[in-house]
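Good morning, colleagues. Please look at the sequence and the structure on the screen while I describe them.

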Amino acid sequence: MAASLSKFHVSGTHSGRRIFACAAVVLIATALCCAGCGKGGSVAGRKSIKTVVKVENDIDALRTWAAYGARADVLVHIDFSDDMAVFAAAQMGEMEDAARLLGRRDISVLERIGPRIETGGTVSLGYMAGMYKRVVWVVPSTRPAGEQIEIYKNYLVVRRKFPAASIADFKVEGAYVTGSVAGVPLTITNLADLALKENETAIIDIDLHYFPMAKGENPAYRLGTGAILDFLRELGARNVRAKLVTVNLSTQNKAVGMDLRYFGDLIREALMKPDDLNGPMPEKWRSMMQAEDSLVAKRYASAEAIYGELIAKEKTDPGLYFSLAIAQGFQGKGAECSEAIFKAYRLDREYFNGFFQLARVLGGAGKVDAGLEILDTPDLQKMLPKDEQDYQRGMFFYTVHRPADAAKYLARAAVSRPKNFGIYTVLFRAQREAGNDTGEMLALDRLVQIDDGRVRREMPWVYADLGQLYEKEKFYVNARENFEKYMAIYPDDSLSGVFKKKIAAWKAKKYITD
C-alpha cells in the first residue's frame with residue numbers, strides 16, 4: 001500500500017503546527033545533553049548515529065539543526081525538492097538577521113519567519129546561518145544527474161520560479177550537476193553517485209517524499225520496508241560521516257500519505273542500530289515485509305493477522321495500528337478500521353488526517369461503504385465542526401465519482417468558507433461532472449472573485465470556460481468580460497480568435513455595446 005495515500009489532500013483541521021511549540025521545547029532540552037554531534041561523525045548505515053531526529057516538516061528540520069547547534073561541512077539533502085530559495089532584496093535584511101539568531105541557537109525567530117519559508121528557503125537559511133558550507137541535493141533518480149542538467153534547470157526556473165541568473169553557473173561535472181543557487185554552493189546527484197570529499201562531515205536530511213517519487217523514475221520500484229532498508233544500505237556504502245540526521249516525515253504538507261509515516265521510525269531505528277541493518281534482520285522487520293507482500297497480493301486477512309501479532313508485541317507503535325486499519329479497510333471492515341485509526345491517533349495526533357485519507361483510498365478502490373463507515377464514526381464526528389464534516393464528505397464523494405453528492409456537500413462547506421480558493425477548485429469540477437451549468441458557473445465566478453490574480457497566473461482557462469457558460473445563459477456582457485481577459489493573456493491563441501468573432505457578432509446584433 002506504500003504511497004497509495006500520498007495524492008489525497010486533506011484540509012487538516014487538527015494541524016500539527018499546534019504542537020510545534022511543545023516540540024521545540026523538547027528539542028532544546030535534548031540538545032543541551034546531546035552527545036551525538038561529535039567532531040568526526042559516524043558513517044551513516046554502518047556505524048551507529050546517536051542523534052537521529054524525526055521532524056514534521058522543513059521548518060521543523062531547520063529548527064532541529066539550530067537547536068542542536070549542528071555544524072558540518074555538507075548538508076546531504078535527500079529529497080524530491082530542493083527546499084532552497086532566492087530571497088528578494090527586500091527580504092534579505094530580515095533573513096540575514098534570522099540566520100544570525102539561528103546560528104546562536106535562537107529558534108524563536110522561526111515563529112516569525114516560518115510562514116515565509118514554508119514553500120522553500122530552509123536549506124538556504126541553514127547555509128546562511130553557518131551550519132554547513134555547501135549542499136548536496138540527492139534526487140530520486142537512477143540516471144546520473146549530469147545527464148539531466150536541463151531537466152533540473154527547467155525545474156528550478158519554471159516550476160520553482162527561480163530567476164535564470166540565480167543558477168547561471170550550473171554545469172556538468174561527470175555524474176554531477178554543480179553550481180550554486182543564489183550563492184549557495186550546490187551539487188546535484190543521485191544516491192548511487194553520492195561521494196563526499198575525504199574527511200568531510202555531514203548533516204543528513206532525509207525527506208520521506210523522496211521515496212514515493214522514486215517510483216515515478218523507476219516503475220519497477222516497490223516502496224516498502226525492504227526498499228527503505230535497501231536505501232539505507234546503499235547510503236552506508238556511500239561512506240557519509242554524519243554528525244546529525246533528521247528524518248522529515250513530510251505528512252503535514254500532504255506530500256506523503258499517512259501510510260508512509262511509519263518509515264520515519266524504521267529509518268531512525270536502522271541508523272541508530274546498523275547491526276540490525278547489516279546483520280540478521282529483526283523479526284519485526286521481516287514480519288512487516290511479509291505483511292506488505294500480503295497487501296500487494298490482496299491477501300488482506302493474512303496482512304491483518306500479521307499486524308495483529310506485531311501489535312500484541314509492540315502496543316505503542318501507531319504505524320502498526322494504521323497498517324492494520326488498511327488491511328481491515330480493504331476487507332470492508334469499516335468499524336474495525338476506524339477503531340484501529342483511532343488507536344494510531346491516540347498515540348500520534350498526526351494520524352488524524354489518516355481517517356480521511358484512508359476513507360478516500362477505500363472509496364476509490366470500490367470499498368465505498370467502508371469509507372463512509374469511517375467518516376460516520378460518531379467519535380470522529382464529535383471532533384469535527386459541521387463545515388469540516390461537509391468538506392470531508394464532499395471530497396470523499398468526488399473521489400468515488402459521485403459528483404452530484406460531492407457538489408452538495410462541498411457547496412455546504414463553502415458557505416462557511418467563502419474565501420477558500422481550494423474548495424471552489426473542486427466544487428466547479430463536481431458541478432461540471434454533475435451537469436449543473438449554473439453551479440459550475442457560480443463556482444468559477446467565485447474563483448475569480450476570491451483571487452483574480454491567481455486565476456490569471458495559474459488558471460487563465462477559467463476565463464474561457466466561464467465566458468462560454470455566460471454565453472450559454474445569454475449573459476453576453478459577462479461573457480465578453482471573461483473572453484477579453486483570456487484574449488489579453490493569449491492574444492494569438494486560436495480560441496482568442498473565436499472569441500473575438502463572437503464579440504463582434506454580439507455587437508452587430510446589439511447584444512452588447514462598446
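This is a predicted model: local features need pLDDT of at least 70, side-chain atom pairs count only at pLDDT 80 or more; totals for chains, interfaces and linings use all residues.

Residues are numbered from 1 along each chain as its sequence is written, and side-chain values use heavy atoms, with hydrogens and water left out.

The protein contains 25 helices and 9 strands; these are DSSP runs numbered from the N terminus, helices being H or I of at least four residues and strands E of at least two. With 514 residues, a compact globule would have a radius of gyration near 24 Å, and the protein agrees with this at 25 Å. That radius is taken over C-alpha atoms, and the globule rule is 2.2 Å times the number of residues to the power 0.38. The C-alpha trace spans about 80 × 55 × 40 Å along its principal axes.

Of the 514 residues, 54% count as buried. Buried means under 20% relative accessible area, exposed over 50%, and partly exposed in between, with a 1.4 Å probe and protein chains only. Among contacts (heavy atoms within 4.5 Å) between residues at least 6 apart in sequence, 70% join residues at least 24 apart.

Let us now consider helix H11. H11 covers residues 283–296, and its 14 residues reach 20 Å from first C-alpha to last, close to the 20 Å expected at 1.5 Å a residue; the expected span is 1.5 Å times one less than the number of residues. Which residues of H11 are buried? They are Lys284, Trp285, Ser287, Met288, Ala291, Glu292, Ser294 and Leu295. These buried residues pack against helices H8 (225–237), H9 (262–272), H10 (274–278), H12 (300–313) and H13 (318–329). H11 is followed by Lys298, which has a positive phi, near 65°.

Two single residues remain. Thr187 is found in strand E7, residues 184–190. Is Thr187 buried or exposed? Its relative accessible area is 14%, so Thr187 is buried. Leaving aside neighbours within four places in sequence, Thr187 is in contact with Arg134, Val135, Val136, Trp137, Tyr176, Val177 and Thr178.

Arg159 lies in helix H6, residues 149–159. Arg159 has a relative accessible area of 60% and is therefore exposed. From C-alpha to C-alpha, Arg159 and Glu388 are 31 Å apart in space, and they are 229 residues apart in sequence.
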